[in-house]
Amino acid sequence: MTRPDYLKGTAFGKEAIILANDLPPYRLYLVNLIDRQYTAGQIINIRQVALICLVIIGAALLLVFVISRRLTLSLTRLVRLMSTITKKDFRNYISVSGSYEVKELSKAFNYMLDELNDYVHKLLETQKEQRNAELAALQRQINPHFLYNTLASIKLLVQKGSKETAAETINALISLLQNTISNANETITVEQELENLRNYVFINQVRYGDRIKVSYFVSPDCIRCELPKLILQPFIENAFFHAFNVKTEGTIYILISKTDHSLVCEVADNGDGMEFDPNDWVPDHPKNRSQLLTGIGIQNVNHRIKLLHGESYGVRITSVKGEGTQIRIVLPLIEDLEVTGDAV
């Protein structure tokens, strides 16, 4: 069989492809007409198909991106909120939304925050109770020590027969106890502290006479400021009992002023002084117990201040042998606006 011949032509009024093939065994000549227009319509346009495929692939990728973005959006927000825990913010609760997995993670995260907030609250309450117990213990240590020395002075007056002076001393003690022990507040104003100090100084001057004088230098704008009770008394007591053993007389200076953020109280004397390195001073250190700074009250004041207000506040001591000692107490600046008073 030979290869069929073809040609382009018109048949029955239509463009056609004519195929012809001779079949000698059968003495036939096979002719085939193909409609050219119909055949061309069946041929695939490769470029068009490729374009359609690209459009389908692009649409599929866009759909996958949108779906994945929607699924991960809640998870991304959850991760961002979790990262804020390191900033000490335990109130970043999140809405429960998104896929099932993200919802479960959100519920677990919110539950964790609830548990963490409950724990922090209980911890703060425990620390507060512990601090109050320590402060109460320190206060109980200071008060008996102070009362012991005051009552000793009154006893000497009674033994000497100075009844009127003893009565005045008892009245000063009563006033002092009313403002310290009977007052349940942990802090008092500078004005109240000065009244307490004057009563205490009166009691001690009755015993020591005029050889130890006390001078007050208080800034008028400090009268309304608050400070812990009995914070200055132990240092004044220490000066009365220990600062003038070699020198027979001298002066104790009480200075109170304030800076932008702090209340500064100083108790200074021009007494005996001592060899002292302020950088080595630790209230409870054994090497200081034989020095001038002895007494339960002195050792506890610095600890008491730090319990109340933190490590940035406390006591600073400087002393020069033969020249005197200076106590500098730095406290936070807290004002009671309801209290009024005149300059001292």
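**Salt bridges and a cavity**

Trainee: To start, what is the relative accessible area of E104?
Mentor: E104 has a relative accessible area of 34%, so it counts as partly exposed. Please keep in mind that this is a predicted model.

Trainee: And which residue forms a salt bridge with E104?
Mentor: The partner is K107, and the closest N and O atoms of the pair are 4.0 Å apart. K107 is likewise partly exposed, at 47% relative accessibility.

Trainee: Where do E104 and K107 lie?
Mentor: Both belong to helix α3, which covers residues 100-160. They are 3 residues apart, about one turn of the helix.

Trainee: How many salt bridges does the structure hold?
Mentor: There are 4 salt bridges. Side chains with opposite charges can pair when their charged atoms come close. One of the bridges joins E335 to K258, at 3.4 Å from N to O.

Trainee: Which parts does that pair tie together?
Mentor: K258 sits in strand β7 (residues 250-258) and E335 in the segment after β10 (324-332), so the bridge links parts that are 77 residues apart in sequence. E335 is partly exposed at 37% relative accessibility, and K258 is partly exposed with a relative accessible area of 27%.

Trainee: What about K306; which side chain does it meet?
Mentor: K306 meets E311 in a salt bridge of 3.8 Å, N to O. Here K306 is partly exposed, with a relative accessible area of 24%, whereas E311 counts as exposed at 65%.

Trainee: Changing topic: how many cavities of 30 Å³ or more are there?
Mentor: The count comes to 2. The second largest cavity holds about 40 Å³ of space.

Trainee: Which residues line the second largest cavity?
Mentor: The lining consists of L176, E193, N196, L197, Y200, L230 and Q233. By class, that lining has 4 nonpolar, 2 polar and 1 charged residues.

Trainee: Which helix gives the most to that lining?
Mentor: Helix α5 (residues 190-208) does, with 4 residues.

Trainee: Now the whole protein: how many helices and strands does it have?
Mentor: The secondary structure comprises 7 helices and 10 strands. Of the 344 residues, 35% count as buried.

Trainee: Lastly, what share of the contacts with a separation of 6 or more comes from residues 24 or more positions apart?
Mentor: Such residues account for 65% of those contacts.

Conventions: Residues are numbered from 1 along each chain as its sequence is written. This is a predicted model: local features need pLDDT of at least 70, side-chain atom pairs count only at pLDDT 80 or more; totals for chains, interfaces and linings use all residues. Side-chain values use heavy atoms; hydrogens and water are left out. Helices (H or I, at least four residues) and strands (E, at least two) are DSSP runs, numbered from the N terminus. Buried means under 20% relative accessible area, exposed over 50%, partly exposed in between (1.4 Å probe, protein chains only). Contact means heavy atoms within 4.5 Å. On a 1 Å grid over the protein atoms alone, a cavity is a set of points where a 1.4 Å probe fits but cannot get out, and a pocket is an open set with protein on both sides within 12 Å along at least five of seven lines; lining residues have an atom within 4 Å of a point. Grid points are joined across faces, edges and corners, and a volume is the space filled by probe spheres set on the points. Ala, Val, Leu, Ile, Met, Phe, Trp, Tyr, Cys and Pro count as nonpolar, Asp, Glu, Lys and Arg as charged, and the others, Gly among them, as polar.
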